[in-house]
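Please read these points with the model open beside you. They go from single contacts to the whole chain.

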Amino acid sequence: MIELDNVRFSWQSDRPVLDIQSFTVNQGERVFLKGPSGSGKSSLLNLIGGIQVPQEGRVSLLGKEINQYGAAWRDRFRSDHIGLIFQQFNLLPYFSVIENVILPCRFSKVRKLKAIERYGSLDEAARQLLEQLGLVDKNILTNEVTQLSIGQQQRVAAARALIGSPELVIADEPTSALDSDARNVFLSLLISECDRSESALIFVSHDHSLEYHFDRIIALSNINAVGAA
Ligand SMILES: Nc1ncnc2c1ncn2[C@@H]1O[C@H](COP(=O)(O)OP(=O)(O)OP(=O)(O)O)[C@@H](O)[C@H]1O
């Protein structure tokens with residue numbers, strides 16, 4: 001479902017960040033991506049999500065060569081097919097828990113229809129996803145997200161990424177604020193939900209103890225010629 005072919009990318013013309021001959025991810029696969037700070041993990045995720053395009057090479061997602069299209073098309077394609085979980089969660093502060101989870105369905109008709117088909121309504125989709133991700137306290141669903149603990153915010157961010165069953169979920173360091181037991185519990189739940197919606201997962205982390213959850217561990221230095229000796 002993801003194919004990178006002879007991709008070269010730099011933020012500034014004189015400093016290449018990525019030079020990747022080949023990188024693929026299969027449908028439903030769980031990939032753990034690791035590498036030192038500044039090595040280019042987030043840059044790679046930006047290319048896969050079509051936020052940036054490479055100066056050279058080809059980035060294909062679900063059979064579409066996304067670097068051939070303009071920014072507006074790529075934004076729509078990303079909304080329809082990719083769920084994102086950021087390190088800082090990026091929840092909307094004045095919105096309720098439920099409203100935050102439903103947000104991607106406001107931008108993507110495809111995900112809205114999939115969520116309704118599976119759960120009956122968007123509200124019900126949000127409630128069930130939150131429950132499956134371990135957010136069981138129903139009293140907080142109408143609270144503003146600023147009133148939640150970090151662990152609760154993380155579950156809201158995960159439910160938001162998963163609503164409407166996108167083919168790919170990208171998670172960039174989403175567990176760094178949690179202790180190690182909480183990380184493992186969260187990751188098990190996240191992976192069960194990805195399995196349930198048949199979403200592939202690319203998970204970036206510095207925490208090696210989480211690797212056993214994944215089908216494939218990729219050190220960026222093994223696929224990126226920039227920085228190689
Ligand atoms: N928006 C940007 N504009 C210019 N340069 C950037 C930008 N984002 C990242 N870079 C540069 O690209 C290189 C790779 O950064 P990137 O954020 O992809 O690394 P990373 O492996 O994700 O790091 P970390 O683990 O610290 O998040 C770094 O040299 C960084 O300074």
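1. Two residues are in contact if their C-beta atoms, placed from the backbone, lie within 7 Å. By that rule Ser165 touches Lys114, Ser197 and Ser199, leaving out residues up to four places away in sequence. The model is a predicted one: local features need pLDDT of at least 70, side-chain atom pairs count only at pLDDT 80 or more, and totals for chains, interfaces and linings use all residues. Residues are numbered from 1 along each chain as its sequence is written.

2. Where is Ser165 found? Ser165 lies in the loop between α6 and β7 (168-172). Helices (H or I, at least four residues) and strands (E, at least two) are DSSP runs, numbered from the N terminus. A residue is buried if 20 or more other C-beta atoms lie within 10 Å of its own, exposed if 12 or fewer, and partly exposed in between, with C-beta atoms placed from the backbone. Ser165 is buried because 21 other C-beta atoms lie within 10 Å. Its C-alpha atom is separated by 9.4 Å from that of Arg118, a residue 47 residues apart from Ser165 along the chain.

3. The largest nonpolar core has 58 residues. Such a core is a set of buried Ala, Val, Leu, Ile, Met, Phe, Trp, Tyr and Cys residues joined through C-beta atoms within 7 Å. Helix α6 (residues 150-162) gives the most to this core, six residues. Val101 is among the residues with the most contacts inside the core. Beyond its neighbours within four places in sequence, Val101 is in contact with Ala126, Leu129, Leu130, Val156, Ala159, Arg160 and Ile163.

4. In helix α1 (residues 41-48), the buried residues are Lys41, Leu44, Leu47 and Ile48. They cover an arc of only 120° around the axis, so they are on the same side of α1; the arc is that of the directions from the helix axis to the C-beta atoms. Gly50, with a positive phi near 70°, follows α1.

5. The shell around the ligand includes Trp11, Val17, Lys41 and Ser42. A residue is near a molecule if its C-beta atom, placed from the backbone, lies within 6 Å of it. Helix α1 supplies the largest share of the shell, three residues.

6. The protein chain has eight helices and nine strands. Of its 229 residues, 40% count as buried. Among contacts with a separation of 6 or more, 74% join residues 24 or more positions apart. The C-alpha trace spans about 55 × 35 × 30 Å along its principal axes.
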